[in-house]
Amino acid sequence: MAQDQLNSKIVVIGGSAGSLEALLDLLPALRSDINIPIVIVIHRKTAPGSPLVDVLAIKSSLPVCEVDEKEPVRNGHIYIAPADYHLLFEADHTFSLDVSEKVNYSRPSIDVAFESAAEVYGAGLTGILLSGANADGTHGLMVIGELGGVAIAQDPDTAEISYMPEHAINNHVAHHIMNVQQIAAYINAL
Amino acid sequence: MEILITDKQLDEVLEDVFAIYGYDFKSYAKASMHRRINRLIAIDKFPSFAEFRYRIRTDKDYFHRFVEEITVNVTEMFRDPAFFNALRTEVLPAIATKPFIRVWHAGCSTGEEVYSTAILLKEANMLHKTLIYATDLNPDVVEKAKSGIFQLDRMKQYSENYIASGGKADFSSYYTAKYDRVIFNEELKKRMIFATHNLVSDGSFNEFQLILCRNVLIYFDKDLQQKVFDLFDKSLDSLGFLALGTKETLRFSPFIHRFRQLDKMKIWRKIS
Ligand SMILES: C[S@@+](CC[C@H](N)C(=O)[O-])C[C@H]1O[C@@H](n2cnc3c(N)ncnc32)[C@H](O)[C@@H]1O
C-alpha cells in the first residue's frame with residue numbers, strides 16, 4: 001500500500017500513564033505552521049468527548065480535535081484518538097474506527113494505530129512512543145521500521161514512567177531516543 | 001516478518017467470497033479488513049497469502065470461521081450509559097403513547113444491547129406492547145443472542161453501566177445465575193424476534209418507531225453507509241428514531257434534512 005503514498009508525511013504519537021505531562025510540554029514547542037498531520041493515541045478511561053481535547057487544545061497553536069470516523073486526515077491538525085475505539089488509517093487518508101478486542105489491555109491500542117499507519121504511510125511515518133507502564137507500542141514501532149518509517153522512543157530517564165519506552169528500546173525497535181525538546185525539534189524539522 | 005496483505009490481495013479474497021458464497025464485503029472499510037485478515041493469517045499460521053486464499057475458496061467451514069473472525073462482534077450491555085439514559089428519558093416517552101411499538105436492532109451481535117433495550121422498555125412499562133427485532137448477518141451470533149445466556153463475570157460491569165444509565169432496579173433480578181453463566185428472564189426474551197439479515201443485500205422488512213444500529217456503520221465505506229441510511233429511512237415510521245454509535249453520524253447523509261438530532265446524542269428523529 002505504501003508505494004503511491006511516499007510523499008505524505010505523518011506523525012503518530014503513542015503514550016500511556018505519564019504521557020499527558022510529556023504532551024503538555026511537547027505541543028507548545030511545535031511550530032504553528034507545521035504542515036503535516038499529528039495524531040495522538042493515548043490510553044485513557046474516560047468516555048468520548050472528555051476534556052482531554054480541551055486540555056491539549058489550550059497548549060497548542062494548531063487545531064486539536066477528536067477523530068470522527070471517515071474523517072479526512074488533514075495537514076496542520078492535531079488529532080486525538082477517541083476512547084474505547086481502535087484508530088485505523090485508510091489508504092485514501094481518512095480515519096477509520098474499530099471496536100474490536102482490546103490489544104495489550106488497551107483500546108485504543110498504540111500497536112494497532114502504529115501498524116495501520118505504517119501500512120498506509122510507509123516511509124512517511126514517524127512513530128513516537130512516550131511514557132507508560134504498558135508494553136503497547138513496541139510491536140508497532142517494529143512494523144514502522146520494517147515498512148521504512150522512523151521509530152522514536154522517549155528517553156526513559158525523562159519519562160514519568162519509563163517502562164513503555166524502555167521496553168521498545170530493549171527490543172531494539174527505536175531508531176532514536178529523545179527527550180521531549182528533541183522530539184519537538186525533530187517534528188518541527190519534518 | 002508477518003504477512004501483510006496488499007490492497008489487491010484483499011480485493012481478490014473479497015471477490016472470491018462474493019462469487020463463491022454470496023457474501024458481499026467489498027464495500028467495507030478497508031483498514032479494518034486488512035487488519036482482521038492479517039491477524040487471521042497469523043493466528044491460523046498460513047505460510048502464504050496464496051494458501052489462505054485457496055483455503056477460503058475450497059473449504060466452506062473455513063469460510064464460516066472467516067466471517068466470524070473478520071466481522072467484529074465485541075459488544076456490551078448498556079455500553080455508553082449516557083446513550084441509554086437518553087433512550088430512557090427522551091426516546092421512550094416520545095413513543096410510549098403508540099398502541100404497538102416495533103424496535104429494530106440492526107447488527108445486534110450477541111444481543112447484549114437487545115437485552116438492555118428490553119430492560120428499559122420493561123421499566124417504562126412498554127415491553128408488553130413492543131416487539132424487538134434483532135438481526136445480524138452472522139448466524140452464529142444471532143443464535144447466541146437468542147439464547148439469552150451471558151458470562152457471569154461480565155455482570156459486575158453491566159450492573160455498573162445499568163446504574164450509570166439511570167437504572168433503579170436490582171440488575172440481578174433480570175437474570176438467573178448458574179455456574180459461570182447467567183440466563184436472562186423469559187419475560188424479556190418473549191418480546192424479541194431474532195433473524196439473520198444482511199444490511200448490504202437485504203431490504204426493508206417492516207416499519208419501526210426506533211432503529212438502533214450502533215458500531216456497525218464504522219465498518220462500511222461511505223457509499224455503503226448511504227445505502228444503509230436509505231434502508232433505515234424507508235424502515236422508519238414518521239417521527240421514528242434512529243440511534244447510531246457514539247462516533248457515527250448521519251451528518252453527511254442526503255436525508256439529513258428529514259431528521260432532527262437530539263441534543264448532543266447520536267440519536268435522530270425523523271421529522272417528515
Ligand atoms: C461491533 S458489533 C456491534 C454490536 C452492537 N450493536 C454494539 O454496538 O455493541 C458489529 C456487528 O455488526 C454485524 N455486521 C457486520 N456487517 C453486517 C451486515 N452487512 N449486516 C448486518 N450485520 C452486520 C457484525 O456481525 C457484528 O455483530
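At roughly what angle do the axes of helix 3 and helix 4 of chain B cross, and within what distance do they come? That one is picked up in point 1; keep in mind throughout that this is a predicted model.

1. **Helices 3 and 4 of chain B.** The crossing angle is roughly 110°, and the axes of helix 3 (residues 49-58) and helix 4 (residues 60-70) of chain B come within 6 Å. Angles of 65 to 115 degrees count as roughly perpendicular, and therefore helix 3 and helix 4 of chain B are described as roughly perpendicular to each other. On the helix 3 side, the contact uses F52(B), R55(B), I56(B) and T58(B), while helix 4 brings K60(B), Y62(B), F63(B) and F66(B). Sorted by class, the residues of this contact between helix 3 and helix 4 of chain B are five nonpolar, one polar and two charged.

2. **Helices 1 and 4 of chain B.** The crossing of helix 1 past helix 4 in chain B is left-handed. Here V13(B), L14(B), V17(B) and Y21(B) of helix 1 touch K60(B), F63(B) and F66(B) of helix 4. The tally for helix 1 against helix 4 of chain B is six nonpolar residues, no polar ones and one charged. If you are tracing side chains, K60(B), F63(B) and F66(B) are also in the list for the contact with helix 3 of chain B.

3. **Helices 5 and 6 of chain B.** The pass of helix 5 over helix 6 in chain B is a right-handed crossing. From helix 5 of chain B come F84(B), L87(B), R88(B) and L92(B), which meet E113(B), S116(B), T117(B), L120(B), L121(B) and E123(B) of helix 6. This contact between helix 5 and helix 6 of chain B splits into five nonpolar, two polar and three charged residues.

4. **The ligand site.** Which chains supply the residues around the ligand? Chains A and B both do, so the site is shared between chains. There are 20 residues around the ligand, and the ones that come nearest are Y28(B), T75(B), D136(B), N198(B) and L199(B).

5. **Polar pairs at the ligand.** For anyone setting up a pose check, an N or O atom in the side chain of D136(B) sits 2.6 Å from an oxygen atom of the ligand. The side chain of N198(B) has an N or O atom 2.8 Å from a ligand nitrogen atom. For N215(B), a polar side-chain atom is 3.4 Å from an oxygen atom of the ligand.

6. Two spots to look at by eye. The R107(A) to P108(A) peptide bond is cis, with omega near 10°, and P108(A) belongs to the loop between strand 6 (95-98) and helix 3 (110-121) of chain A. H93(A), although not a glycine, has a positive phi of about 60°. H93(A) is located in the loop that runs between strand 5 (86-89) and strand 6 of chain A.

Key:
Residues numbered from 1 in each chain as written. Chains lettered and ligands numbered in written order. Predicted model: local features only at pLDDT ≥ 70, side-chain atom pairs only at ≥ 80, totals over all residues. Heavy atoms only, no water. Left-handed = near helix turned anticlockwise from the far one by under 90°. Helix = DSSP H or I, 4+ residues; strand = E, 2+ residues; numbered from the N terminus. Contact = heavy atoms within 4.5 Å. Nonpolar A, V, L, I, M, F, W, Y, C, P; charged D, E, K, R; others polar. Near = heavy atom within 4 Å. Polar contact = N/O pair within 3.5 Å; in protein donor to acceptor, adjacent residues only side chain to side chain. Axes fitted to C-alpha atoms, helices over the stretch in contact; angles between N-to-C directions. Parallel < 35°, antiparallel > 145°, perpendicular 65-115°, else oblique.
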